[in-house]
Protein chains: 2
Amino acid sequence: MKKISGHKKMSISEWFSVLAQYSEENNIDRDVYGNGKFLNEFESEMAKKFGMDKALFMPSGVMAQLMAIRIWSERKKNNRFSCHSTCHLTRHENNAYQELHGLSAVIYGKEHKVVSLSDIQTIGESISSVVIELPMRHLGGDLPEFEELRAISDYCRSKGIALHLDGARIFECIPFYQRPLSEIVALFDSAFLSFYKGIGSTSGSMLFGDTDFIDNAKIWLRRHGGNLFELFPLAVSAKYFFQKNECYFHEYFEKTKEFAEVISEFKSIHMIPSSPKTNMMHLLIPLSAAELAKKWDESPFGDLRMGNWGEVAPSVCRLEFVIGRASLEWSPQEFKEALNYLLK
Amino acid sequence: MKKISGHKKMSISEWFSVLAQYSEENNIDRDVYGNGKFLNEFESEMAKKFGMDKALFMPSGVMAQLMAIRIWSERKKNNRFSCHSTCHLTRHENNAYQELHGLSAVIYGKEHKVVSLSDIQTIGESISSVVIELPMRHLGGDLPEFEELRAISDYCRSKGIALHLDGARIFECIPFYQRPLSEIVALFDSAFLSFYKGIGSTSGSMLFGDTDFIDNAKIWLRRHGGNLFELFPLAVSAKYFFQKNECYFHEYFEKTKEFAEVISEFKSIHMIPSSPKTNMMHLLIPLSAAELAKKWDESPFGDLRMGNWGEVAPSVCRLEFVIGRASLEWSPQEFKEALNYLLK
């Protein structure tokens with residue numbers, strides 16, 4: 001069945017099979033506690049791609065970002081970091097930054113606005129680091145202009161504040177910025193990438209920084225319990241799907257713009273952001289959660305499900321629409337018919 | 001080539017293939033952030049086997065034990081826990097208990113002795129929990145008598161101290177205690193199991209406790225970054241190898257006793273413990289690390305490597321010998337020839 005949002009998921013058995021073949025063809029070796037030829041070469045390749053000194057693969061982004069802000073806080077001898085109110089660290093991690101790391105979060109900016117230089121300039125407290133998420137998921141994948149980012153980076157450097165990139169979806173930003181990844185990342189002192197967003201792998205993330213930073217991160221990784229006995233089940237998948245899907249991000253963005261054209265014909269759907277910056281958007285759609293569920297269940301147009309962030313007003317749902325491999329199979333005309341069905 | 005210690009490792013490609021077939025045959029579903037039919041049923045089965053209310057699968061034992069002592073410390077409103085000086089928490093985790101959890105460790109007992117009731121009675125400070133590792137790896141897999149354990153458990157309960165089982169290798173203890181697993185675990189308030197020791201899987205662990213304890217652990221798991229997007233790559237392997245290898249622990253122990261007989265004929269080898277309690281032992285062997293490496297490299301008797309814990313005296317190495325699937329292929333006579341070769 002055709003699926004409008006995201007990637008088609010392999011079955012578990014297919015996932016194991018594909019990686020069996022891939023590891024045989026590439027003669028992949030086992031790693032032990034973070035050391036192994038395949039694993040370390042993968043880290044080096046990714047570090048090079050990011051233009052950073054070193055990279056460290058680990059099971060999750062939660063631990064990657066926590067150790068990043070902890071390391072900056074120790075280097076700068078300041079327990080305070082600053083982030084947007086929609087930051088993963090303060091929204092989705094049961095306050096681990098505080099409960100585990102004893103850090104304090106200062107919120108910058110406005111909840112529904114992308115980060116600006118003035119947000120950072122007016123933080124008003126001494127901080128060790130600033131976290132910026134690119135794209136901003138809670139804002140439907142919105143992005144600041146590159147020049148704004150550069151100004152923020154210059155400002156932070158002039159003040160001795162470390163700038164950390166929440167780059168879970170950083171590959172999703174390249175088509176809009178039209179710059180090489182390394183030029184975007186160069187504005188930051190550390191960065192993190194997730195492998196199960198646009199890249200389509202399973203759990204797994206990578207942390208990037210200078211050599212000292214990554215040496216330090218290895219100690220924190222142990223403390224978090226993330227320095228696993230073996231990482232190959234996650235790392236082989238990460239590399240396989242990265243190689244397979246890295247080339248699609250421009251195509252996703254082109255398809256997203258086609259879909260945005262279609263959506264703009266439906267006056268009752270509100271797009272966030274108003275024009276797409278990445279292959280993601282949030283939609284306010286005039287249906288209750290129950291109405292939507294029924295429409296989805298009974299759809300004759302394939303699987304129209306999107307992530308439902310719930311009712312933001314009576315009979316208005318906020319949906320997360322991610323244009324991935326599955327979405328590429330839809331023509332604008334087919335997408336229009338699907339929307340007509342949902343709203344009729 | 002025959003291998004004297006531990007398990008034969010599958011190639012990565014074989015590992016992926018075997019699990020592809022297993023997941024297809026068992027129609028295994030994907031999990032999301034800890035929720036999934038296969039994953040949760042596996043947890044329930046293991047909880048039942050352990051005689052505990054609930055179980056929680058996670059990527060590593062480091063995080064499992066840290067959250068266990070943190071939860072007990074919060075419940076008992078006391079930041080101090082107590083453990084043996086060879087405990088994983090104080091030896092191998094870069095002081096995460098302190099750096100991440102703000103806990104304080106009080107060491108009980110003597111470094112080269114198994115835990116006794118009097119060790120626990122003489123801790124001399126108020127503590128929230130006591131951690132006991134069964135078997136004690138740094139003591140060559142030595143074990144206290146069951147009655148001693150029961151007395152410790154009774155004492156802790158009478159004092160309101162939580163007793164946590166570092167049961168990374170708990171299945172290895174069953175042949176010596178000759179009791180069902182649940183009877184051993186019943187002495188403890190929480191327990192942890194590793195899947196890559198005797199069970200022979202890859203990274204993965206399980207934490208056991210009462211319902212409140214596990215509900216709490218889920219929050220700490222998130223904070224540690226261990227609540228992965230998907231756990232199936234580790235969990236499918238854990239269940240597969242558990243089913244495959246659970247039946248061998250008695251056979252390992254019988255083989256260990258045969259080997260111990262052989263070793264006792266070599267007066268220059270010192271066994272720790274003096275008679276095996278589990279399928280593990282440490283050996284003091286009168287060879288330098290360099291001599292040993294050369295002997296191993298040139299061995300005509302197959303792979304004689306054991307974990308080398310280094311030189312404990314001039315020309316004396318401490319080896320960790322684990323009797324696993326690979327070891328079962330050796331007769332006592334063959335083992336004797338191998339030792340003769342090493343020592344000649």
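**Exercise 1.** Classify A:Thr122 as buried or exposed, and place A:Thr122 in the fold.

*Solution.* A:Thr122 has 59% relative accessibility, so A:Thr122 counts as exposed. The cut-offs, with a 1.4 Å probe and protein chains only, are under 20% for buried, over 50% for exposed, and partly exposed in between. Next, the location: A:Thr122 lies in the loop between helix 6 (117-121) and strand 4 (129-133) of chain A. Helices (H or I, at least four residues) and strands (E, at least two) are DSSP runs, numbered from the N terminus. Last, the side chain: it reaches the backbone oxygen of A:Asp119 at 3.3 Å.

This is a predicted model: local features need pLDDT of at least 70, side-chain atom pairs count only at pLDDT 80 or more, and totals for chains, interfaces and linings use all residues. Residues are numbered from 1 along each chain as its sequence is written, chains are lettered from A in the order in which they are written, and side-chain values use heavy atoms, without hydrogens and water.

**Exercise 2.** How many salt bridges link chain B and chain A?

*Solution.* The count is four. The rule is a side-chain nitrogen of Lys or Arg within 4 Å of a carboxyl oxygen of Asp or Glu. B:Arg70 pairs with A:Glu99 in this way, with the closest N and O atoms 3.8 Å apart.

Conventions
Polar contact = N/O pair within 3.5 Å; in protein donor to acceptor, adjacent residues only side chain to side chain.
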